[in-house]
Each structure stands twice: as C-alpha cells, then as structure tokens.
Amino acid sequence: MKEIWTITLGELDKKMGVEVLEESAQRVVARMPINGNRQSLGLLHGGAMVALAEAVGSWAAVIHASTMGKAAVGVDINATHHASGREGYVTATAQAIRLGRTLTSHEVVIEDDSGKRLCTARITNAVVDKT
C-alpha cells in the first residue's frame with residue numbers, strides 16, 4: 001500500500017502565515033492573514049495570492065500523486081485578480097477539476113472573510129516518478 005502524503009508547510013508558507021484547514025486530493029483549504037502580505041499601497045499583494053493558490057493546488061496534486069507512489073510538479077498556473085483585501089484573512093480552496101495518471105488540474109478560489117471572491121486561479125501539475 002502506498003503512503004499518502006500529508007501537507008508540510010514550506011519556508012514561504014510559514015513566512016506568509018498559512019494555516020491548512022482541510023486536505024485531500026479532491027480539495028485543499030488553507031487560510032492566510034492579509035497582515036504581513038500587503039504591497040506598498042496597503043492592499044493584499046497579488047503575488048501572495050498566487051503563491052497561496054500555487055501552494056494549495058500543488059498540495060492537492062501531491063496528495064493525489066502519492067496514492068500512486070509518485071510525485072507532482074507544477075507546469076502551469078494562471079490567476080485572475082477580481083479584488084483585493086486590506087485586513088483579516090483570505091481563504092483559498094483548491095477543488096479538483098481532473099485527477100489523472102499524468103496530469104492534475106485544480107481550480108483555486110480565494111475569498112476574504114466576508115466570502116467575497118478576490119482571485120480565481122487554475123493550476124496544472126504533472127504526475128511524475130519520484131527521483
């Protein structure tokens with residue numbers, strides 16, 4: 001039986017204050033404080049949202065790949081910023097679009113505390129042999 005991977009925060013995740021709330025190949029949910037992740041105009045940095053989207057989507061892909069004894073690596077991410085936040089937290093939810101043998105795709109929705117959508121991202125990961 002294959003050992004299913006569980007999320008371990010990386011250095012950037014820790015610096016950004018990311019907290020994992022739910023984890024599976026189908027769905028990963030994490031939150032991040034806006035405080036400490038703002039750009040010079042006082043708004044949540046768009047790059048911080050993309051980094052969070054990359055994290056939750058990749059974690060879900062790695063969980064899926066681990067069920068086959070494999071790893072996952074990112075090959076594409078795109079994001080549309082709809083709005084920005086100034087305070088509180090944002091929550092990122094990665095939902096599987098497709099979990100295949102060689103590729104995974106997840107949609108990531110980032111919302112603020114009020115449920116307002118701030119960003120929509122899509123991430124594709126390749127499922128590869130462990131090296």
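In which helix is the place of Ser-58? In this predicted model, Ser-58 belongs to helix 2, which covers residues 46-66.

Ser-58 counts as buried, because its relative accessible area is 15% and the cut-off for a buried residue is under 20%. Its side chain reaches the backbone oxygen of Glu-54 at 2.9 Å. If we set aside the neighbours within four places in sequence, Ser-58 is in contact with Ile-123 and Asn-125. Please also find Gly-74 on the screen. Ser-58 and Gly-74 are 16 residues apart along the chain, and 6.8 Å separates their C-alpha atoms.

I now turn to Asp-13. This residue has its place in helix 1, formed by residues 11-16. What is the nearest side chain of opposite charge to Asp-13? That side chain belongs to Lys-14, and it is 8.3 Å away. Asp-13 is buried, yet it has no salt bridge; a salt bridge would require the charged atoms to lie within 4 Å. The side chain of Asp-13 does, however, reach the backbone nitrogen of Gly-10, at 2.7 Å. Beyond the neighbours within four places in sequence, the contacts of Asp-13 are Val-18, Ala-55 and Trp-59.

Finally, a word on the aromatic rings. How many aromatic pairs does the structure hold? The number is zero.

Methods:
Residues are numbered from 1 along each chain as its sequence is written. This is a predicted model: local features need pLDDT of at least 70, side-chain atom pairs count only at pLDDT 80 or more; totals for chains, interfaces and linings use all residues. Side-chain values use heavy atoms; hydrogens and water are left out. Helices (H or I, at least four residues) and strands (E, at least two) are DSSP runs, numbered from the N terminus. Buried means under 20% relative accessible area, exposed over 50%, partly exposed in between (1.4 Å probe, protein chains only). Lys and Arg count as positive and Asp and Glu as negative; His and the chain ends are not counted. A polar contact is a pair of N or O atoms within 3.5 Å; within protein, one must be able to donate a hydrogen and the other to accept it, and residues adjacent in sequence count only if both atoms are side-chain atoms. Contact means heavy atoms within 4.5 Å. Rings of Phe, Tyr and Trp (its six-membered ring) pair if their centres lie within 6.5 Å; planes under 30 degrees apart count as stacked, over 60 as edge-to-face and the rest as tilted.
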